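The exercises below concern one protein chain. Each gives a task sentence and then a solution in steps.

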Amino acid sequence: MTAPIGASLLPSLAGWQVINRTGAADKARFLKDPQIAREIENFKANIGKIKTPADLVKDRRLLAVALEAFGLGADVNAQGRIRKVLEEGMIDPKALANKLIDPRYKEMAEAFSFDIVGNLRLQDPKFVQSIVDKYATNKFEGAVGDNNADLRNAMYFQRKIGSAKTWYNVLADKGMFAVVKTALGLPDSFSQLDVDRQHDILESKVKLASFKQLGQIDTFAKRYLAMSSTTQQTITSPAIQILNAMSSGSSLSSDTLGALLGAQGLRY
């Protein structure tokens, strides 16, 4: 397997700057790893032979790529659930994908649409490439996360938050909500509130529409990384000042935060 991504070995805030500057090149190098390349080649060569969801779940290699494309790689042994999700699709309100809280199942069911078009999408090179692209992105983020989980979470948030239509979408997505919860300093008890109350509180703190701006996403991701790095021992002195202030309940002005980050060559 490819060596760890360099940015993931840096303190989170510094790593964020690096990954946003060199991420595309790092990802391209990562995808040249023989193991990753073989799985992609095998998927492209054989996915078109699949006729039904039952066929897909029987082929572990193809299934692993398909699941990883939607961040569901851990479900590779849950063939029964995945088969049911794909067979029932999304149209029927009683379909399994519509009952599961995790939105990734809905995304997968909708993408493959076995219930509507059968295996026709698997014959479309553009669709197959879209699955490969999703797989590559998730594998790359996973490689980063092997060394820096906070950086992986920030990358996921950056990629997904723009597609959230309401705060309910964020609340249903464990990855995005983990970033929001930490960045806003929400207590664990927040999740015990009625979901409508959670929605209203989040909307009162940050307007979801603001995440249509890349600058706002970057600022929020940096805030998450600063907050989540309190337990890291490898961060530099300016970052420690930020984290100590935040963890003690103090608030930092944008100017102060900018100055501290600037000491590391970063921007707020």
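**Exercise 1.** Is Leu100 buried, partly exposed or exposed?

Solution. The model is a predicted one. Step one is to take the relative accessible area of Leu100, which is 23%. Step two is to compare that value with the cut-offs: under 20% is buried and over 50% is exposed. Leu100 is therefore partly exposed. Step four is to list its contacts, leaving out residues up to four places away in sequence: Leu100 touches Val85, Tyr105 and Lys106. Val85 is 15 residues from Leu100 along the chain, and their C-alpha atoms are 9.5 Å apart.

**Exercise 2.** Determine how helices H5 and H7 are oriented and which residues join them.

Solution. Begin with the geometry: H5 spans residues 79–88, H7 spans residues 103–112, and their axes lie 8 Å apart at an angle of about 55 degrees. That angle makes H5 oblique to H7. The crossing of H5 past H7 is right-handed. Next, identify the residues: H5 contributes Arg81, Ile82, Val85 and Leu86, and these meet Tyr105, Met108, Ala109 and Phe112 of H7. Sorting the residues of this contact gives seven nonpolar, no polar and one charged.

**Exercise 3.** List the buried residues of H7 and the helices they pack against.

Solution. The buried residues in H7 are Pro103, Tyr105, Met108, Ala109, Ala111 and Phe112. Their packing partners are H4, H5, H6 (96–99), H8 (114–117), H9 and H11 (167–172).

**Exercise 4.** Classify the arrangement of H9 and H10 and describe the contact.

Solution. H10 covers residues 149–160, and its axis comes within 7 Å of that of H9, with a crossing angle of roughly 150 degrees. The cut-off for roughly antiparallel is over 145 degrees. H9 and H10 are therefore roughly antiparallel. On the H9 side the contact holds Thr137, Asn138, Phe140, Glu141, Gly142, Val144 and Gly145, while H10 supplies Ala149, Leu151, Arg152, Met155, Tyr156 and Arg159. By class, the residues of this contact are six nonpolar, four polar and three charged.

**Exercise 5.** Is Leu62 buried or exposed, and which residues surround it?

Solution. Leu62 sits in helix H4, residues 60–68. Its relative accessibility is 1%, so Leu62 counts as buried. Setting aside neighbours within four places in sequence, Leu62 is in contact with Asn42, Phe43, Asn46, Ile47, Ile50 and Leu56. For Phe43, 19 residues away along the chain, the C-alpha separation from Leu62 is 5.7 Å.

**Exercise 6.** Describe the largest nonpolar core and then the chain as a whole.

Solution. The largest nonpolar core has 69 residues, and those with the most contacts inside it are Phe43, Met108, Phe112, Phe157, Ile161, Phe211 and Phe220. H9, residues 125–145, supplies the largest share of this core, eight residues. Take Ile161 as one case: beyond its neighbours within four places in sequence, Ile161 is in contact with Val170, Met176, Leu208, Phe211 and Ile217. For the whole chain, count 16 helices and zero strands. Of its 268 residues, 45% are buried. Among contacts with a separation of 6 or more, 56% join residues 24 or more positions apart.

Conventions. Residues numbered from 1 in each chain as written. Predicted model: local features only at pLDDT ≥ 70, side-chain atom pairs only at ≥ 80, totals over all residues. Heavy atoms only, no water. Core = buried A, V, L, I, M, F, W, Y, C linked by side-chain atoms within 4.5 Å. Buried < 20%, exposed > 50% of the residue type's maximum accessible area, 1.4 Å probe, protein only. Helix = DSSP H or I, 4+ residues; strand = E, 2+ residues; numbered from the N terminus. Contact = heavy atoms within 4.5 Å. Axes fitted to C-alpha atoms, helices over the stretch in contact; angles between N-to-C directions. Parallel < 35°, antiparallel > 145°, perpendicular 65-115°, else oblique. Left-handed = near helix turned anticlockwise from the far one by under 90°. Nonpolar A, V, L, I, M, F, W, Y, C, P; charged D, E, K, R; others polar.
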